[in-house]
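Subject: Structure for your review

Dear colleague,

Please find below the structure that I am handing over to you. The notes that follow it set out what was found.

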Amino acid sequence: MKHFEANFDGLVGPTHNYAGLSFGNVASLNNAAQAANPKAAAKQGLQKAKALADMGMIQGMLAPQERPDLHTLRRIGFSGTDKEVLQKAAEQAPAVLRACCSASSMWTANAATVSPSADTHDGRVHFTPANLVDKLHRSIEPQTTGNILKAIFSDSRYFVHHQHLPEHSSFGDEGAANHTRLCQEYGHAGVEVFVYGQEATNPQAIKPKKFPARQTLEASKAIARLHRLDEDNTVFIQQNPEVIDQGVFHNDVIAVGNRNVLFHHEQAFVDTKAKLAEIRAKLEGDIHFIEVPTAKVSIQDAVKSYLFNTQLLSMSDGKMVIIAPTDCAENPAVKAYLDELLTLDTPIQKVEYFDVKQSMQNGGGPACLRLRVAMNDAELAAINQHVLLDDSLFTRLNAWVDKHYRDRLLPADLADPQLIVESRTALDELTQIMKLGSVYQFQR
Ligand SMILES: NCCC[C@H](NC(=O)CCC(=O)O)C(=O)O
């Protein structure tokens, strides 16, 4: 039986825009109200995903969500025809309308936490959609995320789907962006590392002062329980509150892991030495901690370039490649670091740069755009095959984007009722292309 890691990238939705919705996410705030290009955004994402498929990786795509989210607008009292709901919301609650139009589901690292079958007690792959309660525009994602995941990983012999955690800040959960699985081989039991920003029920515990800590220890522990992991294969680490206050809103902005490599910034964690020792003890065998010192890459440069929001992938020869945003090549300190890294004796032997600037301008790098699912042959064969990216799906999706997407969108355009029609027509067609069934409210 073969084991591997598959990546499921979020297809950027037709309403991709810069609304400045994410307090604590520097790029989102800095680019607020700029013109976005949804067509270019979707194509940049597809290009990156296709390049990985061409490298021999198993690559899937996850459908975007229905936006504008009229269902939520109706739930808070806007009524009438779809057009009336949109227009009333634009007049009376423009900030809420912007939240209901975000294409933020593209960042599938926040879609769910996934534990592969090698780690769980019942030998099945477990999924829990993230509740994303810290941000209004993201808190409306989990239900549809669950629908989409169930439409793909539908075989209950292999896959278990949990409901998202209770919708309260004590259980703030941001999914795989704060979860890294380390292992020797994908098919061997690994160590699941949960990084949290704060302990919500302990008023004494340290936490950031300026920006929110979106992930709680309580949420991380709940996921570990639901996924039937145990003490031997879990490690809980607190993220350094000082870096959260400098714009590191998820752990995947400061650390990334693959197999037996953890690539992280020196300031990423609290209690680093003890926690890395715990990982070492629980993982057994070789482990590489590649720690980037502040003297080489400052937190500011890490946040700007997304050096750690890279994908660290194993190639067929066992060596690892870093999939980085072009922003890393444009930052002199980061480029120098990456050039030096390739000369060091570590498993990382290659860096490939991709232009994902449309997503980067909202604070989402290559790693934010993908959800990892480690699987074996039998599990892969049991998923919906129509979401796997090959030449034919790539061509079809590019044509679909060309047909339905605008190349310019401003927050003010979100009040345009035509956008509802465009978006629904596109998504309806997409569910047929990807054979997802009726996953959206408007289809039910
Ligand atoms: N993992 C990357 C997530 C980026 C995402 N940005 C946003 O939602 C910005 C949306 C806007 O401002 O229009 C977030 O902060 O959760």
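A residue is called buried here when its relative accessible area is under 20%. The model is a predicted one. Phe354 has a relative accessible area of 15% and therefore counts as buried. This residue belongs to strand β14, which covers residues 348-354. Apart from neighbours within four places in sequence, Phe354 is in contact with Lys48, Ala51, Ile323, Ala324, Pro325 and Thr326.

The chain as a whole

The chain contains 17 helices and 15 strands. Its C-alpha trace spans about 60 × 50 × 40 Å along the principal axes. Of the 444 residues, 61% are buried. Among contacts with a separation of 6 or more, 76% are between residues 24 or more positions apart.

Helix α7

How many of the eleven residues of helix α7 are buried? Eight of them are, so this helix, residues 142-152, is largely enclosed by the rest of the structure. The buried residues are Pro142, Thr144, Thr145, Gly146, Asn147, Ile148, Leu149 and Ile152. The elements that cover them include the strands β2 (58-62), β3 (112-115), β4 (125-129), β5 (159-161) and β15 (370-376), together with helix α6 (136-139).

The pair α16 and α17

Two packed helices are described by the angle between their axes and the distance between the axes. For helix α16 (residues 391-404) and helix α17 (residues 418-433), the axes come within 10 Å and cross at roughly 165°. Because angles over 145 degrees count as roughly antiparallel, α16 is roughly antiparallel to α17. The crossing of α16 past α17 is right-handed. On the α16 side, the residues that meet α17 are Leu393, Arg396, Leu397, Trp400, Lys403 and His404. Their counterparts in α17 are Glu422, Thr425, Ala426, Leu427, Glu429, Leu430 and Ile433. By class, this contact has seven nonpolar, two polar and four charged residues.

Backbone features to inspect

- Arg67 and Pro68 are joined by a cis peptide bond, with omega at about 0°. Pro68 is in the loop between β2 and α3 (70-75).
- Ala33 is not a glycine, but it has a positive phi of about 75°. Ala33 is located in the loop between α1 (26-30) and α2 (38-54), and its relative accessibility of 54% means that it counts as exposed.
- Lys435, also not a glycine, has a positive phi of about 50°. Lys435 is in the segment after α17 and is exposed, its relative accessible area being 51%.

Yours sincerely

Technical notes: Residues are numbered from 1 along each chain as its sequence is written. This is a predicted model: local features need pLDDT of at least 70, side-chain atom pairs count only at pLDDT 80 or more; totals for chains, interfaces and linings use all residues. Side-chain values use heavy atoms; hydrogens and water are left out. Buried means under 20% relative accessible area, exposed over 50%, partly exposed in between (1.4 Å probe, protein chains only). Helices (H or I, at least four residues) and strands (E, at least two) are DSSP runs, numbered from the N terminus. Contact means heavy atoms within 4.5 Å. Axes are lines fitted to C-alpha atoms, for helices over the stretch in contact, and angles run from 0 to 180 degrees between N-to-C directions. Angles under 35 degrees count as roughly parallel, over 145 as roughly antiparallel, 65 to 115 as roughly perpendicular and the rest as oblique. A crossing is left-handed if the near helix is turned anticlockwise from the far one by less than a right angle, and right-handed if clockwise. Ala, Val, Leu, Ile, Met, Phe, Trp, Tyr, Cys and Pro count as nonpolar, Asp, Glu, Lys and Arg as charged, and the others, Gly among them, as polar.
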